[in-house]
Every structure is written in structure tokens, then in C-alpha cells.
Amino acid sequence: MVKKARSVHECSECGYSSPKWLGRCPECGSWGSMEERTVGAATGAAKAAVSGAAPTGLTPTSPAVPIGKIVASTATSISTGIGELDRVLGSGIVPGSVVLMAGEPGVGKSTLLLEVASRWSSMKEGDSTRTALYVTAEESAGQVRLRAERTNALKDTLYLAAESNLDVVFGHVNQLKPSLLIVDSVQTMHAAGVEGVAGGVAQSRAVTAALTTLAKTSGVPILLVGHVTKDGNVAGPRVLEHLVDVVLNFEGDRHSSLRMLRGIKNRFGATDEVGCFEQQSDGIKEVPDPSGLFLSHRGSTPDGTAVTVAMDGVRPLLAEVQSLLVDAPSKNPRRVVTGLDANRVPMVLAVLSARAGRATQGKDAYVATVGGMKVGEPATDLAVALATASALAKKPLPDKTVVLGEVGLAGEIRRVPNVERRLAEAERLGYEKAVVPAGSGVKKTGLQVMEASTLVDALAAVKL
């Protein structure tokens, strides 16, 4: 027999379902989040499968087409007018795709997408100008208008609608026929006829699914803004990430103007690209060459400083590591680390003392990066060691020198990936010398490369 409609209890935070009500969700641990909803009876193919009859199915709206006759131009990306965003998307946005941009409150998601809408509506598409529709459900139209005036984003073909009802948004789309739709945000939109409050699992799923269907049927690319939870995940469930084509994470430190755009999911390109932006008084501007933000602009290199090249995805970025050692007033020296792996830095200092004879015992060590950059890869170990040795000797490293390498507990320098790409970035910025692990096999570079197999060899190469 075909099962009749039944009710289940679903968590409004994570989507976990249970046949009975529970005070606390066993999946995410939320209290009082289980809400009752009705599951409909089986119909169509499901009913036929239960009864044993042959399923009839529905007549397709469009017949299947041989794959060789599919027009590939429909999947060709279109530039958004912002190079750093195009880099992360994979050369641009694909017609009919849905992009979800997540980030913490205040990081600049709305400002960036308003800039995208402005750039989009400024470009020509054939003989006509592109049109963009920006739907804001969190702010009033006047607030968005003031932001657009401050960021110089006022355009005649950029339309603004302050709506939270999804049906009304669809009406705006049918009336204006925009070539780009931006919805800010998906958690504040409400779909009529769906149980639950805006931002809940049911509503967020229904809104995202309806917008995805709109994008696929009309070919209009849609950009969605998504909030994040305390642990950094997209709020409302991970089901949103499965429904959309691209998931981007816009992140930044409140104490720094730098913003990073990273790809978490991308059906049209790689997810290891990183876009760099800078928060300014007149909006968010792209930074095509961010390495200069992480370097001190001095005429000569002071002691206690070493420059390395870190990889953020596939993008090489020059980072400056600084180390300061002072006599410890207590018997327990401090190890204060900023921007680096707090577990690796004390290990590197211990290896420097035990294997290279540069005693750091009895001294407080303060090791940090410049410009608020955060580096977690082991390739910065050698920079930490040489910067600390330079601080101990009160002698700077040679000018225009970069150092790369992972330091092992035996004092050996281990090889790191993408050495040639790192050195190419250093050479482009005017550096002349490089200390790299032995056996790196560097061939195409204009730098003077000095290979070191041990930490002692690296110290000798920079004359410390």
C-alpha cells in the first residue's frame, strides 16, 4: 500500500529530521529547534514503484538533444568588470549560474556586490547596455542609494528594489528582464506557501531552489548574499551550498582593510584561486598586486626581518616575517606569535638553539607577520629561523633576499612546492637573491639562488 501523509520534526538550524519531537537536536545540539512539518503521500513514479505497476512518467517540456548539438556558447563566462572576482569565478560569471557569497556581517559583501552591479550595468552587450536588478531585503532603498552615491555606483541601468517577498521579486524580473540579478540576502527572503520563518531551513531551501530554477530557465545569472554562523559556515544549512553552482567566502580582519575572496565550490573552475580587495572610504577596490601590502616600505632591511613567499591557493604572496628577542624577566620565557602557526614557531626556535647553536633560552620571543597577513604553511619556517638569528646577531639579512624552506627537527631544510612560481613573483618585485632547500631543481629564474641542505648552511648563505 502507498504510505499516507505523515508528519516529521525537522531542526530549523541544521535540517536534521526525526519522527518524534526532541527537545535538543542530536545533530547540531540546538535546543527547541525541532519543528513539525507534513510529508506528502507518494505520487507518480513513487506510487507505481510501491504498487508494482509500470511507471508512466510525465511528458518532458523539451526533448533530449544529442550532446554534439548542444551549443557550448551558453556556458561561456561573461566578465563582471572586476578582475579579482573574475579570477575566483574562473574568468567570469556563467549565464544561468547561481553564485552564493558568504561572509561575516560588516565584511563588505553588499558593498562589493553593489560595485559588481554598477560595473555590470556600465558595460555593453551588443548594441544595448546591460541591466542589473539589485534586490535588498535587509536595508531600505534609501540606505542602498546612499551607499551607491558614496561608492560612485549610480547608473541609469542599475535598478533597485527593496522587497522580501519572493513572488514580488519574480514580478520585478518579469517586468524589467535584467541580465543580472542580485539578492541580498537569501536568509531574509520569504516564499509564500512554505512553512517556517525567513532564514529557517524550509524557507532558505525553498527560496534558493526557486531562484536556481529561475536562473536555469531564463539564463539570468544570480548572485546571492548568505550569512555565516559563528563557526564560519553558511547559515541555514549546507543544503544551500548543494543547490547553487558557486560558493564564495568573503573574509577579512576587522582591524585590517584587506579582504580576501576565496572559492569554496565552483562548478565552472578551480577553487584554489584567491581574489584580493581593500576596504576604502569610497567602497571596496580590487588589489591586483597585493604583495606590497605585506611588506614594509623601507630603504634597507632592518635586523630581525626576513622575507618569504607564501602560497595562498595558487597565488604567490610575499610576506615579511619579523622577530624580536628580549631578556625574559621570569624563568618562563614567552613565545608570542601573530599571523603564523603558533605551534610551529616555538619548534623552529628550539631547532635553531639545538642544531645551529643560536641560543634563544631565557629570552622572550615575539614573532609576527607584517600587514595582518596570516600564513600557516611550513614554507615560512626558514624565514622565522633566519629572522630570529638576525635579531640575535643584531645584523640584517642581505638586501633583496627571499628565503624558502621547511625546517625539520634534525635541522634539515626540506623542499617546498611551487618554488619556481614563488621565485618568479619575488623576481617580479625586484628581489635579486633567494635561499631555497637543496634539490629544489630551480631552472627558470633570474635570481641568484643559494641552496641549503641544513639550517647551518642557510645561516652561512646569508652570513649570519
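1. A crossing of two helices is called right-handed if the near helix is turned clockwise from the far one by less than a right angle. In this predicted model, helix 5 (residues 166–176) passes helix 6 (residues 201–218) in a crossing of that right-handed kind.

2. The axes of helix 5 and helix 6 come within 11 Å and cross at roughly 15 degrees; because angles under 35 degrees count as roughly parallel, these two helices are described as roughly parallel to each other. On the side of helix 5 the contact is formed by Leu166, Phe170 and Val173, while helix 6 brings Val207, Ala210, Leu211 and Leu214. Seven of the residues in this contact are nonpolar, with no polar and no charged residues.

3. A second pair is made by helix 8 (residues 344–356) and helix 9, which pack at an angle of about 55 degrees with their axes 9 Å apart, and that angle makes helix 8 oblique to helix 9. Helix 8, too, passes helix 9 in a right-handed crossing.

4. Where these two helices meet, Arg344, Val345, Val348, Leu349 and Leu352 belong to helix 8, and Asp381, Val384, Ala385, Thr388 and Ala389 belong to helix 9. The residues of this contact comprise seven nonpolar, one polar and two charged.

5. Helix 9 itself deserves a separate look. After helix 9 comes lysine 394, with a positive phi near 55 degrees.

Key:
Residues numbered from 1 in each chain as written. Predicted model: local features only at pLDDT ≥ 70, side-chain atom pairs only at ≥ 80, totals over all residues. Heavy atoms only, no water. Helix = DSSP H or I, 4+ residues; strand = E, 2+ residues; numbered from the N terminus. Axes fitted to C-alpha atoms, helices over the stretch in contact; angles between N-to-C directions. Parallel < 35°, antiparallel > 145°, perpendicular 65-115°, else oblique. Contact = heavy atoms within 4.5 Å. Nonpolar A, V, L, I, M, F, W, Y, C, P; charged D, E, K, R; others polar.
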